[in-house]
Amino acid sequence: MQAINAVTVKAKFPIKSYSVEHGYPARRRSLVDDAKFETLKNKEAKQTWLQEQRSVSQDEDLSEEEVFLVTECPDEEANVPKQTNIVLTLKTGITVLPRILKIIESSHGNVFHLETRRAYNNVSTLDVLVRLDISRNGLLHVMRSFRQGNLADVTILREKAVSIKDPWFPHHISDLDYCTHVMTKYEPELDNDHPGFSDKVYRARRKEIAEIAFNYKYGQVIPRVQYTEEEIQTWRAVYQQISHLYPTLACEQHIRVFRLLEKECGYGPNNIPQLEDVSKFLKRRSGFTVRPAAGLLTARDFLASLAFRVFQATQYVRHSSSPNHSPEPDCIHELLGHIPMLADPSFAQFSQEIGLASLGASDTDIEKFATLYWFTVEFGLCKQNGEIRAYGAGLLSSYGELKHALSGKPQLLPFQPEETAIQPYQDQDYQDTYYVAESFEDAKEKFRQYVAARLPRAFEVWYNSFSQSVHILDSVDKFEELASSLKADVTRLNNAVNKLKAQ
């Protein structure tokens with residue numbers, strides 16, 4: 001049926017606030033708590049929305065699928081036939097298929113493709129993919145008939161493999177403009193435990209800097225922030241203290257890139273680097289870019305950005321009264337912790353793969369991906385040259401937690417995605433448990449195996465770096481496009497190997 005735009009989709013179940021007063025589980029913002037909060041609030045909002053739509057349509061018996069169909073196709077087009085893809089899950093086996101086709105025919109539907117296949121989430125159940133021309137009202141009649149006759153469950157596909165009920169996700173890098181607005185706007189305004197709550201000057205400054213992110217659109221140059229002397233002093237206090245730990249506690253990738261950032265991007269105790277300069281640096285090193293964020297995004301929006309090799313980074317500085325702690329991410333955390341690691345090609349690939357796996361995932365799986373992100377990208381450790389080093393941004397931007405993680409006091413466990421994804425975490429103090437990867441390549445391979453075995457998503461995606469877009473691999477044409485790209489890469493690799501052998 002007719003696709004609708006991102007604004008409409010994301011407006012269905014908006015999360016109005018991440019404040020404690022609205023049910024947020026903790027004072028300190030984290031990606032894990034955000035994901036858990038989103039799951040709860042999305043479920044509540046969805047049920048409310050479904051009931052409202054049933055009342056508006058004056059049909060309390062509408063199924064969830066039928067509600068989505070009614071709301072996504074305007075009344076003026078209700079009787080206009082359109083190409084539609086549906087999946088039928090047959091309840092009593094293939095013998096009901098003639099009856100099903102008869103109902104479609106009587107509803108003025110024209111079937112032009114039909115294939116059977118085992119259900120992806122239940123190998124003992126048979127699914128039937130049907131492509132047909134049919135109007136909205138005709139399809140509603142078909143779905144009611146199937147429901148009343150207990151013949152089949154119907155899943156309407158927005159694309160060939162994506163259900164109309166699946167969460168919206170960006171398909172092009174410019175769609176990330178729609179992945180920034182569901183967040184707490186200014187944390188100091190909402191939380192009286194925030195260090196800057198009673199500081200009117202700080203709150204006004206946060207608002208001023210946040211407007212940069214709210215007004216930013218894809219393709220624009222990131223506006224520069226003229227940092228105050230007080231903000232630079234806060235940066236300097238953290239920079240000078242933690243940079244002394246890097247040579248002995250940080251991973252070699254972070255150490256190497258950090259030196260480059262000091263040479264090329266103005267990293268130093270007396271200067272806070274600008275996101276535009278950092279973004280250009282990352283683009284040259286790993287293909288990642290940066291876009292400004294007003295605060296911690298929802299877990300789904302943040303992870304989706306990683307799929308496009310985009311890191312959403314804040315520009316404000318934590319309150320000067322608490323230089324060694326911030327209740328939410330700030331530019332000190334981003335610039336000292338995340339940016340050096342994202343410049344490493346292997347780590348950048350790992351981050352992107354987490355993002356790609358999150359696209360269209362259920363709320364429950366988003367929770368698991370957020371937890372994996374927390375214990376790897378934020379607080380991960382790795383083995384290097386017989387030692388354990390830090391690569392997580394939360395460690396590399398926190399003097400106290402970096403020393404704690406490698407002090408021998410906390411529990412260090414080998415990185416296993418199945419266990420890491422469900423590991424409880426706490427945000428009141430330093431972590432009790434950290435996960436150690438054998439290497440970034442090992443972490444990537446284990447994550448890929450985890451996604452292949454545990455992610456119940458009915459489709460696979462591919463990122464085209466040339467067009468900066470995500471494709472759903474649901475047709476021969478898209479398979480051929482991907483195969484052609486891979487073939488060219490394999491040919492170059494083969495030629496390089498042959499030339500090395502000939503030397």
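Me: In what order do the four strands of the open sheet stand?
Reply: In this predicted model, local features need pLDDT of at least 70, side-chain atom pairs count only at pLDDT 80 or more, and totals for chains, interfaces and linings use all residues. Residues are numbered from 1 along each chain as its sequence is written, and side-chain values use heavy atoms, with hydrogens and water left out. Strands (E, at least two residues) and helices (H or I, at least four) are DSSP runs numbered from the N terminus, and two strands pair if DSSP finds at least two bridges between them. The pairing in this open sheet is mixed, and the order is β8-β7-β10-β9.

Me: Which strands have one side left without a neighbour in the sheet, and why?
Reply: A strand at the edge has a single partner strand, so one side of it is left without a neighbour in the sheet. The strands at the edges are β8 (387-390) and β9 (411-414).

Me: Which residue in β8 stands opposite Lys 383?
Reply: Strand β7 (residues 381-384) pairs with β8 in the antiparallel sense over four bridges. Opposite Lys 383 stands Ile 388.

Me: How are α3 and α5 directed relative to each other?
Reply: Helix α3 (residues 64-72) and helix α5 (residues 136-148) pack at an angle of about 175°, their axes 11 Å apart. Axes are lines fitted to C-alpha atoms, for helices over the stretch in contact (heavy atoms within 4.5 Å), and angles run from 0 to 180 degrees between N-to-C directions. Angles under 35 degrees count as roughly parallel, over 145 as roughly antiparallel, 65 to 115 as roughly perpendicular and the rest as oblique. The two helices, α3 and α5, are therefore roughly antiparallel.

Me: Is Leu 245 buried or exposed?
Reply: Leu 245 is found in the loop between α8 (229-243) and α9 (246-249). Beyond its neighbours within four places in sequence, Leu 245 is in contact with Ala 250, Tyr 399, Leu 402 and Lys 403. Its relative accessible area is 12%, so Leu 245 is buried.

Technical notes:
Buried means under 20% relative accessible area, exposed over 50%, partly exposed in between (1.4 Å probe, protein chains only).
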